[in-house]
Amino acid sequence: MAVLLALVYGQTWSTLALPDYLADIIDKGVQTQNTHYIYTTGLTMLMVALAGGICMIGVSYVATRIATGFATRIREAVFTKVEGFSLHEFNRFSSASLITRSTNDVQQIQQVLTMLLRIAFVAPFMGVGAIIKARHLDPSMTWIMAVAIVAILAIVTLIFSIALPKFKHVQKLVDKLNLVTREFLTGTRVIRAFGREAHEERKFDEINADLTRTNIFVNRLLAALQPTMMFMMNSVAIAIVWFGASQVSSGAIQIGSVLAFVQYAIQAIAAFLMLSIIFVFAPRAIVSADRIGEVLGVSATILDPKAPKVPDVTRRGTVAFEDVSFAYAGAEAAVLEHLTFTAEPGATTAFVGSTGSGKSTLVNLIPRFYDVTGGRVMVDGVDVRELKLHQLHSLIGYVPQRSTLFSGTIRSNIAYGTPKASDQDLARAASISQAKEFISGLDDGYDAPVAQGGTNLSGGQKQRLAIARAIAYDPEIYIFDDSFSALDFATDAKLRSELARKTKGKTVLIVAQRIGTIMHADNIIVLDAGRIVGQGTHDQLLKTCAVYQEIAESQLSQDELRTVGATA
Ligand SMILES: Nc1ncnc2c1ncn2[C@@H]1O[C@H](COP(=O)(O)OP(=O)(O)OP(=O)(O)O)[C@@H](O)[C@H]1O
Ligand SMILES: [Mg+2]
């Protein structure tokens, strides 16, 4: 900062000094034909100009450094903040909006900050300095400058009062354009399948045309600014020469001083002009700053406990729900009500229930993606809210309902939770998850590329990689949220039998739609509208639980139902 101020001072000083030298050369050198004086003063003038130039470059450099450094920090802060968001906070901002906020909005601020440092510091010094210098030269002509500055401020205010609302409109249109484009890109298939291309195109065209119109208008307006200003500056020069001429002839002032006066006038006007431009860009940056502030102002609800407890080694791997209730923020009704069950290590606990009965919500409570609104969730004998988040997550291998892959390679995706895993470990995980076959069919095997979101893989392939990723993590507790749905029956069965060997002694929680996937589980929990309506083994439930019977009957043939009953 001190460096910046020194440089700003240097730049201002040299710019303000130049017209003086010019006046000296003309008045003392040219008029007295003193060549030596002209040369030496000219040389000094060159040096001063050079020093000024260096200072100017320095100001730009330092300003840019400061602004980019600031932007980097904001981006970092936003990113760290968002990383700490629970799903609850994610629900508040759309991901598109979070991306815009941490890229485009930060850039707006950076741009204005650079301008502010480069202009806002220099311009006032320059403006005031030029006026003082001019007054010093000839007080009788400063009124010309005053008139010019007032006129310019009036013009600038007029132009910007017209342009400013348009600027805000432009920002809103850009937002809309992003939205429509995003929807179009992500929904291409649906749009084509339903033949709605023309409709989408119309939506896009409308916004696009509006944006173009507004942009053209704003730019025309701003384009008019420059010639107007040139006209003003030249008029001021003419006025000064006009009034100066009579004073020169009366001997009150010398020619060089008049020329210097013209330069000071132009400098002062330019300074005011630059300042007013800042007022145009500042509102845009303020809008952006507000948007970022919104993100930074959110206090994350799911944090590490102040006094974390250590897991109870004697209860390693147990997951227990004690009278757990849960409601999404803003929702009136609870999604889960009074759930109590225990999942022991070495056993498979399964959850079935109709769509929307709360299965995913239930398993999301275990890694603390959300916090319960009633009761408590215990992992390793400790309330999850009293465990360090990092420690809690290290115990859990989670396979989400929608497989999430990252751009990279097959290897980087399987080793996502265990970057140090050996190739054999990864191969074993791939083999258990039945991914090995399709991986060896790929040209580059484990180094085959995975596109963003895994879009170059089939649904079943993505699921298998997501499962392999959890297996490679080798956790105490496995959570499979409907992770076998995209697999065919044969693969599903094979995967489960190999998985059973791998997960021996571990706690396994499986959410499934298909009875076939979970009927061998040690404990099956039947959910209906967020409540447990049955708990037990397949055979017990077939006899006692009406909801389970219904699901089973809809999926299994009478034969199957009977044989299963007989073998038990
Ligand atoms: N982020 C959310 N905000 C508000 N409500 C939600 C949210 N996610 C889910 N819900 C609601 O919670 C209920 C349970 O959803 P959940 O995803 O747990 O069902 P599920 O049993 O996993 O269903 P499926 O079998 O289709 O996966 C649904 O009624 C749903 O509308
Ligand atoms: Mg679900």
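Which residue of S10 stands opposite Thr 348? In this predicted model, the residue facing Thr 348 is Val 508.

## The pairing of S3 and S10

Thr 348 and Val 508 stand opposite each other where strand S3, residues 348-353, meets strand S10, residues 507-511. These two strands run parallel and are joined by four bridges.

## The sheet as a whole

S3 and S10 belong to an open sheet of six strands, whose order is S6-S9-S10-S3-S11-S12 and whose pairing is mixed. The edges are formed by strand S6 (396-399) and strand S12 (531-536); each has a single partner strand, so one side of each is left without a neighbour in the sheet. On average, neighbouring strands are turned by 15 degrees against each other, direction ignored.

## Helices on the sheet

Helix H16, residues 459-473, lies across S6 and strand S9 (477-481), and runs at about 180 degrees to S6. Helix H20, residues 546-555, also packs on the sheet, where it touches S3, strand S11 (523-528) and S12. The direction of H20 makes about 95 degrees with that of S11.

Ser 360 lies in helix H11 (residues 359-364), whereas Gln 401 lies in the loop between S6 and strand S7 (408-409), so the pair ties together parts that are 41 residues apart in sequence.

Ser 360 counts as partly exposed because its relative accessibility is 22%, within the range between 20% and 50%. Gln 401 is likewise partly exposed, with a relative accessible area of 39%.

Note on methods
Residues are numbered from 1 along each chain as its sequence is written. Chains are lettered from A and ligands numbered from 1 in the order in which they are written. This is a predicted model: local features need pLDDT of at least 70, side-chain atom pairs count only at pLDDT 80 or more; totals for chains, interfaces and linings use all residues. Side-chain values use heavy atoms; hydrogens and water are left out. Two strands pair if DSSP finds at least two bridges between them. Axes are lines fitted to C-alpha atoms, for helices over the stretch in contact, and angles run from 0 to 180 degrees between N-to-C directions. Contact means heavy atoms within 4.5 Å. Buried means under 20% relative accessible area, exposed over 50%, partly exposed in between (1.4 Å probe, protein chains only).
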